[in-house]
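Subject: Model for you to look at

Hello,

Here is the model I said I would pass on. My notes on it follow below the structure.

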Protein chains: 2
Amino acid sequence: MRVLVAGGDGFCGWPTALYLSVRGHEVFIADNMSRRGWDEELGTNSLTRISTLEDRVARWKELTGREIGVAAGDLTDERYVYETIDRWRPEALVHFAEQRAAPYSMIDRSHAVFTQVNNVVGTLNVIFAIGEVVPDCHLIKLGTMGEYGTPNIDIEEGYIEIEHNGRKDTLPYPKQPGSFYHLSKVHDSHNIMFGCKVWGIRATDLNQGVVYNVETEETASDPVLTNRYDYDGIFGTALNRFIAQAASGSEITVYGEGGQTRGFIDIRDTVRCIELAANNPAERGEFRVFNQFTEQWSVLQLARLVEKVARALDLDPKLVHLDNPRVEQEAHYYKAANTRLMDLGLKPHLLDEETVERLLLTAMENRDHIHPETFAPRVDWRRPHYNK
Amino acid sequence: MRVLVAGGDGFCGWPTALYLSVRGHEVFIADNMSRRGWDEELGTNSLTRISTLEDRVARWKELTGREIGVAAGDLTDERYVYETIDRWRPEALVHFAEQRAAPYSMIDRSHAVFTQVNNVVGTLNVIFAIGEVVPDCHLIKLGTMGEYGTPNIDIEEGYIEIEHNGRKDTLPYPKQPGSFYHLSKVHDSHNIMFGCKVWGIRATDLNQGVVYNVETEETASDPVLTNRYDYDGIFGTALNRFIAQAASGSEITVYGEGGQTRGFIDIRDTVRCIELAANNPAERGEFRVFNQFTEQWSVLQLARLVEKVARALDLDPKLVHLDNPRVEQEAHYYKAANTRLMDLGLKPHLLDEETVERLLLTAMENRDHIHPETFAPRVDWRRPHYNK
C-alpha cells in the first residue's frame with residue numbers, strides 16, 4: 001500500500017514510517033520539521049540524540065534497501081499539499097502533522113492561535129486535496145482521548161446512542177476538551193466528519209491516549225534511527241517525564257492530587273494501530289472513530305510505579321505534588337471504551353516494571369542530555385496572555 | 001450599559017446598535033466593512049440602498065442626539081482587538097463579526113479556510129482580550145441553530161442530560177453542522193466554553209435561527225438608516241430570497257423537496273433578544289446557550305406563504321423545486337427548545353401575511369435593484385475545489 005505519513009519526522013510519525021516500511025508498504029514522509037524548531041524556541045531537547053530526517057532515511061535504506069520518499073513542506077501551504085498528494089497518490093494518508101502539546105497551545109494568545117490555525121487549516125487542506133485528487137484515499141487522522149474530557153458517564157468510540165423524550169438517535173459523542181490544542185483536535189474531528197458526509201471521503205479518527213515508551217524494534221535497530229524522547233514540562237508526557245526526573249535525581253512532580261486518570265498506550269502499539277487501521281480502511285463516506293489506548297492509569301499511579309522501579313535501581317527519587325497548572329478535575333470517574341482496535345487484532349503491550357526499567361536505563365545513560373530546569377511547568381492555564 | 005457591537009455595520013449588527021442606542025445604552029461599533037466587500041467580490045448587492053457607516057451614525061446623531069462610536073478594524077488583528085476593548089472597556093460585547101453565509105464557505109478551499117480562520121481567530125482574539133483586559137465583560141456571541149443539524153431527538157439549549165450505562169451527566173449537546181461556516185460556529189462555541197471554564201469569563205451563545213424581515217423601527221425611521229436586504233443565492237436567506245424572487249417576476253426556487261425545517265426569527269426579535277441577554281448577563285465562568293428563534297417552518301411552507309401573498313398582490317410567481325445544492329435531509333424530525341429567551345421576556349413577532357406583504361411591497365418598490373441572475377445557487381456542496 002502507498003502510505004503518506006504526514007509528520008513522519010516526529011515522535012509517533014517516525015516509528016510509524018519505519019514500521020510500515022519494513023512490512024512492505026511504500027512509505028512517503030511529509031514534514032516541515034517544526035517539532036525540531038519548537039525545541040529551539042523553548043530551549044528544550046530530546047533526551048536521545050536524534051539524526052536529521054535526511055540521515056535517518058539514508059541509513060534506513062543502507063540497512064534495509066527500502067526507500068522512504070521525503071517531501072519537506074507545511075500542510076498549511078495548500079499548493080504543497082495538493083502537489084505532494086498528486087505526486088505520490090497515496091492509498092492511505094496518516095496525519096500526525098500537528099502541533100501536539102497542550103501546554104504549548106496555552107502559552108499565550110499567539111501560541112493558541114498558531115496551534116488552532118496550524119492544525120485546522122492543515123487538516124482542511126488535506127481533506128480538500130483528498131476529496132479532489134485521490135477521493136479513494138483513506139485518511140487516518142490522529143486525534144486524542146483528551147477530546148472527550150472527563151464526563152461522568154462511560155466514554156464511547158466517537159458516537160453515543162441517546163434516548164431523549166421518547167426518541168433515539170446515535171450522535172457524535174459530546175466533547176469537553178481541556179486546552180486550545182485539544183480544542184483544535186475537536187475542530188478537526190468535526191471538519192473531517194463533514195468531509196466524509198458531503199464528499200464521501202473515508203476517514204478513521206484515532207483518539208489516542210498518552211503515549212509512553214520511546215523505541216520500537218525498528219528505531220532501536222541503529223543509533224541513526226533513534227526516536228526522539230521528550231521529557232520537558234511542555235512536550236514531555238507524564239510517564240516519560242517522570243522517568244527523566246528519576247534518572248536525573250530530580251523530584252517526580254505530580255500536578256495536584258494526581259487522581260487525573262487517562263488512557264495510555266505504548267508507542268509499540270501506536271505503530272501497530274496505524275497499520276491495523278490502514279489494512280482495514282473505513283468505507284467511502286464513513287467517519288470512523290477508534291479510541292487508541294490500551295489501559296487506564298492515574299498520574300499518581302504512574303509516578304508511584306516509576307518511584308518503585310527507580311528505587312530498585314538504587315535511585316532515590318522524591319515524589320512531590322505541585323499546584324496544578326492545568327484546569328482539570330483531579331478526582332473523577334473515567335471509563336473509556338477501546339475495543340475496536342482490539343477487534344482488529346491489536347495485542348497490547350501492557351505497562352510493566354520491565355518497560356519502566358528499560359526506559360530508566362536509557363534515561364540514565366543519556367543523563368548528560370537532561371536539563372532539569374525544563375521539567376517545571378511554565379504555562380498557567382488560568383491566565384490569558386497577549387504575548388509571553 | 002457600555003456595549004461594543006462587533007459587526008455593527010451588518011444586517012443584524014446595525015439594527016442592534018440602533019435598538020440599544022435608543023434605549024440609552026452607550027454603543028460602539030467595530031467593523032471591517034468586509035460584508036460590503038463580499039458583495040463586490042460576488043457581484044451581489046443589497047436590495048435596499050444602504051449608506052456608509054459614517055453617514056449612518058452621523059444621521060443617527062442628527063436625529064436622536066445619540067453618539068455611536070466607530071472603530072474600523074478586523075478582529076483577526078489582535079492589536080486592534082486589544083486596543084479597541086481597552087479604549088472602550090465594554091460591559092457587554094455583542095459579537096456578530098463573522099463570515100455568516102454557508103454557501104460562501106462552500107465555494108472552494110480558500111473560502112472554507114478563510115471562513116474558519118476569520119471566525120475562529122477573531123473569536124479567540126476576543127476571548128483573550130476580554131479575559132485579560134475586561135474580565136467582567138459579558139460576551140454575547142452569535143451562533144446558529146445550524147450548529148445542531150437535524151438530529152432525530154429534540155434539540156435542547158446547548159446542553160443535554162444523558163443517562164448511559166446507569167450513570168448520568170449533563171454534557172454539551174452533540175453538534176452536526178452542515179457547512180464550513182456552520183462548523184466555524186461549532187468551533188467558536190467549544191473555544192468560548194473553554195474560555196469560560198479556565199478564565200471565568202461570562203458568555204451567552206445565541207444559536208440564532210434564520211432571520212427574516214429587514215427593518216426595525218429605528219432603521220425604518222430615515223432612509224439613511226435603512227438596513228441591508230440580501231436576496232441572492234449566497235447571502236440571501238430563505239424567506240427574504242423568495243420575496244425578492246416573487247417581486248421580480250422570477251421563479252420561487254425551493255431546494256429539493258423543501259421539507260427542510262428550521263427555526264426562524266423576525267429581525268425585530270433579534271434586536272430584542274440581544275438586549276434581553278445584555279440586561280440579564282451570564283455569571284462569571286458561565287457558558288450559557290439560548291436558542292434564538294421563535295417558530296419552526298419548512299422551506300416549502302415559507303415558499304407557499306410567499307406565493308399566496310404575492311398572488312393577492314397580483315403577482316404571478318411560479319414555485320419550482322431545484323436539485324438541492326446542499327447535502328441535507330429534505331424530510332426529517334425537528335423539534336427545538338426555545339424557552340430561555342421567552343422566560344426573559346421575549347414576546348415574539350410571529351410570521352404572518354402582513355409581514356410578508358410589507359416585505360413584498362418593499363421589494364417591488366426596489367425592483368430595479370434586483371439582479372435575478374444572482375438568485376441561482378452557484379455553490380455545490382458535493383464537490384471540493386482548490387480554487388474557483
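Helix α4(B) passes α6(B) in a right-handed crossing (the near helix is turned clockwise from the far one by less than a right angle; a left-handed crossing is anticlockwise). Helices here are DSSP runs of H or I with at least four residues, strands are runs of E with at least two, and both are numbered from the N terminus. This is a predicted model: local features need pLDDT of at least 70, side-chain atom pairs count only at pLDDT 80 or more, and totals for chains, interfaces and linings use all residues. Residues are numbered from 1 along each chain as its sequence is written, and chains are lettered from A and ligands numbered from 1 in the order in which they are written.

The axes of α4 (residues 78-88) and α6 (residues 109-133) of chain B lie 9 Å apart at an angle of about 40°. Axes are lines fitted to C-alpha atoms, for helices over the stretch in contact, with angles from 0 to 180 degrees between N-to-C directions. The two helices, α4(B) and α6(B), are therefore oblique to each other (under 35 degrees counts as roughly parallel, over 145 as roughly antiparallel, 65 to 115 as roughly perpendicular, the rest as oblique). From α4(B), the contact uses Glu78(B), Val81(B), Tyr82(B), Ile85(B) and Asp86(B); from α6(B), Asn125(B), Val126(B), Ala129(B) and Val133(B). Contact means C-beta atoms, placed from the backbone, within 7 Å.

In chain A, α6(A) and α7(A) also have axes 9 Å apart, at an angle of about 15°. That makes α6(A) roughly parallel to α7(A). The crossing of α6(A) past α7(A) is right-handed.

Between the chains, the contact takes 46 residues from chain A and 46 residues from chain B. On the side of chain A that touches chain B, α4 (78-88), α6 (109-133), β6 (159-164), β7 (167-172) and α7 (180-199) each supply at least two residues. Of these, α6(A) gives the most, with 12 residues.

Chain A has 12 helices and 14 strands, and its C-alpha trace spans about 65 × 55 × 45 Å along its principal axes.

Regards

Conventions:
Contact = placed C-beta atoms within 7 Å.
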